[in-house]
Amino acid sequence: MSARLHSVEEATNQAYEIFLEMAPDNLSEDDIELFNEHREEAGFIEDSEPDESWAAFVEYEIEPEAFVQVLVGLEVDEQDLLFAKILISRDIDAPFCHVVWLRGQQ
């Protein structure tokens, strides 16, 4: 029986919701202010196939069709400021999410 999968868009939206929920506990107040001030005009959420770096964070093989990698950041002065890199499962019956925070901690 094959896994029931969320669409990439659904998984990406879930990852962004998780980012918003967890950001106050994982980013500095300055980073939260910066993100909130500029997210409407300069914010981005980019999804892609998971890269090899996840092997250092999760202990099992990541099947590209079952996971989405999501980057959350701002494009400011033609430079990307990344706040988080998220690995999220598309499998409806096996939810999983891991966030790597890329900006300064509180």
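Between which two strands does the loop that holds D77 lie? Select residues 67-76 and 79-89: these are β2 and β3, and D77 lies in the loop between them. Strands here are DSSP runs of E with at least two residues, and helices are runs of H or I with at least four, all numbered from the N terminus.

This is a predicted model, in which local features need pLDDT of at least 70, side-chain atom pairs count only at pLDDT 80 or more, and totals for chains, interfaces and linings use all residues. Residues are numbered from 1 along each chain as its sequence is written, and side-chain values use heavy atoms, with hydrogens and water left out.

**The turn.** Stay on D77. The hairpin of β2 and β3 has two residues between the strands, and D77 takes a positive phi near 50° there. Most residues other than glycine have a negative phi. Next select E78, in the loop between β2 and β3; its phi is also positive, about 60°, although E78 is not a glycine. D77 is exposed, at 75% relative accessibility, and E78 is exposed at 79%. (Exposed is over 50% relative accessible area, buried under 20%, partly exposed in between, with a 1.4 Å probe and protein chains only.)

**The strands.** Now show β2 and β3 together: they pair in the antiparallel sense over 10 bridges. Two strands pair if DSSP finds at least two bridges between them. Select V68 and find its bridge partner in β3, I88.

**The next strand.** Pick L87, whose bridge partner in β4 is H98. Finish on β3 itself: eight of its 11 residues are buried, so β3 is largely enclosed by the rest of the structure.
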